[in-house]
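Please keep the sequence and the 3D view beside you as you read.

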Amino acid sequence: MLAKPAGQPPRAIAEALAARLTADPRIVSAEVAGPGFLNLRLSPESWRAIVRAALVEGRDYGRSTMGRGVRVNVEFVSANPTGPMHVGHTRGAVFGDALAALLDFAGHEVTREYYINDAGAQVDVLARSAYERYREAHGLSPEIAEGLYPGDYLIPVGEALKAKFGDALLERPEADWLAPVREFATAEMMQMIREDLALLGVKMDVFSSEKAITASGKIEEAIAALRGMGLIYEGVLEPPKGKLPEDWEEREQTLFRSTAHGDDVDRPVRKSDGSWTYFAPDIAYHWDKVSRGFDQLIDVLGADHGGYVKRLKAVVSALSGGRVPLEVKLIQLVKLFKNGEPFKMSKRAGTFVTLRDVVEQAGPDVTRFVMLTRKNDAALDFDFDKVLEQSKDNPVFYVQYAHARVCSVVRKATEAGIVATDATLARADLGHLAHEAELALAKKIAEWPRLVEIAARGQEPHRVAFYLYELASDLHALWNRGNEDAALRFIQEDADVSRAKIALARAAGVVISAGLGILGVTPAEEMR
RNA sequence: GGCCCCGUAGCUCAGGGGAUAGAGCGACCGCCUCCUAAGCGGUAGGUCACAGGUUCGAAUCCUGUCGGGGCCGCCA
């Protein structure tokens with residue numbers, strides 16, 4: 001890296017650096033290797049200092065100031081208020097929540113936000129579906145026409161409508177009942193969604209309503225702003241390349257010049273009949289987010305929204321004058337398996353697996369951890385049997401087990417009359433930690449602060465999950481070394497020595513606890 | 001036709017300009033009179049899809065090809 005600007009061969013630079021660095025007391029040796037690598041060996045005391053720092057700082061150890069003063073809005077889930085959340089939403093919810101927690105740990109000021117699509121045609125469909133259930137509640141047979149939502153979850157909504165409105169809405173034209181039923185049903189759906197989220201332990205800071213944004217005139221405001229920049233015009237779109245759709249015809253409509261901000265084609269904001277497209281409220285919503293003063297926006301969307309990313313970025317770029325970056329995190333599909341067989345999910349057949357199904361069977365900890373063991377842009381296999389098995393196929397148990405072992409050590413020590421609070425341990429003479437296996441664990445603990453920053457910078461919470469697995473592995477390894485070599489057990493005859501060893505275990509426990517906290521997983525104190 | 005994601009060990013996946021490419025599962029060999037063996041140690045297993053290019057150096061960056069998935073007109 002330095003070779004070019006310095007105009008010297010890499011090895012020469014490395015040797016020069018090595019000479020200087022060996023003078024530092026914290027560095028035991030600095031050796032040049034290979035074509036110009038510099039291997040530094042830190043003193044055991046450096047690693048012991050890490051253990052002490054972890055104990056003193058506790059769950060704040062590794063917290064970064066990297067995002068200081070940066071206000072980030074993380075929008076996630078944003079499921080339509082038309083039914084219960086399913087597996088796909090679950091992954092988005094877990095990812096968004098963990099990403100928000102990660103950014104928070106890295107020092108950002110984070111807002112978790114849910115955008116309620118409560119204004120489009122889909123909520124009218126919901127209202128019509130609920131109305132049929134309302135009729136059903138009155139003993140009439142429901143007519144669930146093609147395109148309506150057939151799910152049983154609307155039956156109680158029909159009952160509730162009956163309780164609220166009695167028979168006042170029966171035998172009336174749609175114009176009379178559509179609005180009140182829509183209001184009522186979307187409120188019910190949002191209630192259900194909030195409960196689903198609560199099952200997963202996800203708590204939003206802000207719920208934004210499409211309806212409210214639309215009603216407040218923000219669409220017109222945002223479009224006017226874009227128009228002021230010369231980015232809105234009346235025009236005709238090019239037909240799509242390739243084979244032309246059967247009924248393609250040219251239509252003049254209002255377009256957004258998204259190509260000026262990196263998109264491939266301009267996008268319609270008004271239909272030819274003058275009403276807004278779906279895109280228009282989204283423009284307004286992002287305008288709203290920008291005007292609330294966020295420094296960075298993150299949208300967590302399903303992978304099927306991939307074709308939508310460029311226009312969203314274009315809008316935010318235009319409306320913020322390039323000030324606010326928008327990152328869109330696409331969440332790939334969750335493939336369900338049962339008995340090793342793919343498990344087909346169909347909304348129409350009513351065989352779709354809900355968030356509730358998953359969480360009630362697997363529990364929130366397993367659900368969250370498993371869904372975070374893959375990068376967001378790779379598809380995820382979710383095998384019910386493996387997940388329910390609660391075996392070592394489940395990395396979450398492996399990590400929790402490590403934490404439980406640490407807790408177990410502390411319990412045993414306390415029973416043996418050794419004071420083992422973190423405050424006491426932090427004052428222990430860590431000079432008793434000298435074995436390479438012990439220092440190896442300390443080194444892994446030392447990686448935590450840097451890992452947090454890397455993961456936050458890349459917006460990749462899965463890195464935390466993989467790191468915790470490695471940390472747990474190092475702890476289990478050291479634990480088992482105690483089977484062969486009694487000197488490596490955490491609890492020793494000598495109380496001072498014990499405290500040093502337990503301090504190391506606790507330091508690992510503290511990091512596991514903090515890491516699991518980011519992932520939203522409970523650090524188990526014992527395994528049952 | 002265009003756009004997005006993926007292609008790394010038998011399987012599931014990490015790594016995303018630097019050293020001998022890592023882990024889990026599966027296979028094989030070992031480890032409990034001892035802090036929880038739900039654990040640990042070891043062995044075997046790889047032309048990092050392919051072809052070019054950039055670079056002192058490419059699994060990693062660029063271009064193209066092939067394979068898998070997803071998306072693409074006033075549907076939200």
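Predicted model: local features only at pLDDT ≥ 70, side-chain atom pairs only at ≥ 80, totals over all residues.

Student: How many helices and strands does chain A have, and what percentage of its residues is buried?

Tutor: Along the principal axes, the C-alpha atoms of chain A fill a box of roughly 85 × 65 × 40 Å. Chain A has 19 helices and 13 strands. Of the 528 residues in the chain, the share that counts as buried is 48%.

Student: Among contacts in chain A between residues at least 6 apart in sequence, what percentage joins residues at least 24 apart?

Tutor: The contacts to consider here are those between residues at least 6 apart in sequence, and the question is which share of them joins residues at least 24 apart. For chain A that share is 72%.

Student: Is helix α17 roughly parallel or roughly antiparallel to helix α18?

Tutor: Helix α17 covers residues 436–458 and helix α18 covers residues 462–484, and their axes are 10 Å apart. The two helices pack at an angle of about 170 degrees. Because an angle over 145 degrees counts as roughly antiparallel, the relation of α17 to α18 is roughly antiparallel.

Student: How is α5 oriented relative to helix α7, roughly parallel or roughly perpendicular?

Tutor: The axes of α5 and helix α7 (residues 174–200) are 8 Å apart, and the angle at which they pack is about 100 degrees. The contact is made by residues including L126, A130 and Y131 of α5 and W177, L178 and V181 of α7. Since angles of 65 to 115 degrees count as roughly perpendicular, α5 and α7 are roughly perpendicular.

Student: How many residues of helix α11 are buried?

Tutor: The buried residues of α11 are V309, R311, L312, A314, V315, V316, A318 and L319. They pack against α9, β7, β8, α10, β9 and β10. Helix α11 is therefore mostly covered, given that a residue is buried when its relative accessible area is under 20%, and the number buried, out of 11 residues, is eight.

Student: S78 and E171 both have a positive phi; which of these residues is exposed?

Tutor: Most residues other than glycine have a negative phi. Phi of S78, in the loop between β3 and α4, is near 45 degrees, while phi of E171, in the loop between α6 and α7, is about 55 degrees. S78 is buried, with a relative accessible area of 13%, whereas a relative accessibility of 66% makes the exposed residue E171.

Student: Is Q296 buried or exposed?

Tutor: Q296 is found in strand β9. Leaving aside neighbours within four places in sequence, Q296 is in contact with V70, R71, V72, N73, V324, P325 and Q459. Its relative accessible area is 17%, and because the cut-off for a buried residue is under 20%, Q296 counts as buried.

Student: Which element gives the largest share of the surface near RNA strand B?

Tutor: There are 54 residues around RNA strand B, and F37, R251, K271, Y398 and S408 come nearest. By class, this surface has 20 nonpolar, 15 polar and 19 charged residues. The largest share, nine residues, comes from α18.

Technical notes. Residues numbered from 1 in each chain as written. Chains lettered and ligands numbered in written order. Heavy atoms only, no water. Axes fitted to C-alpha atoms, helices over the stretch in contact; angles between N-to-C directions. Helix = DSSP H or I, 4+ residues; strand = E, 2+ residues; numbered from the N terminus. Parallel < 35°, antiparallel > 145°, perpendicular 65-115°, else oblique. Near = heavy atom within 4 Å. Nonpolar A, V, L, I, M, F, W, Y, C, P; charged D, E, K, R; others polar. Buried < 20%, exposed > 50% of the residue type's maximum accessible area, 1.4 Å probe, protein only. Contact = heavy atoms within 4.5 Å.
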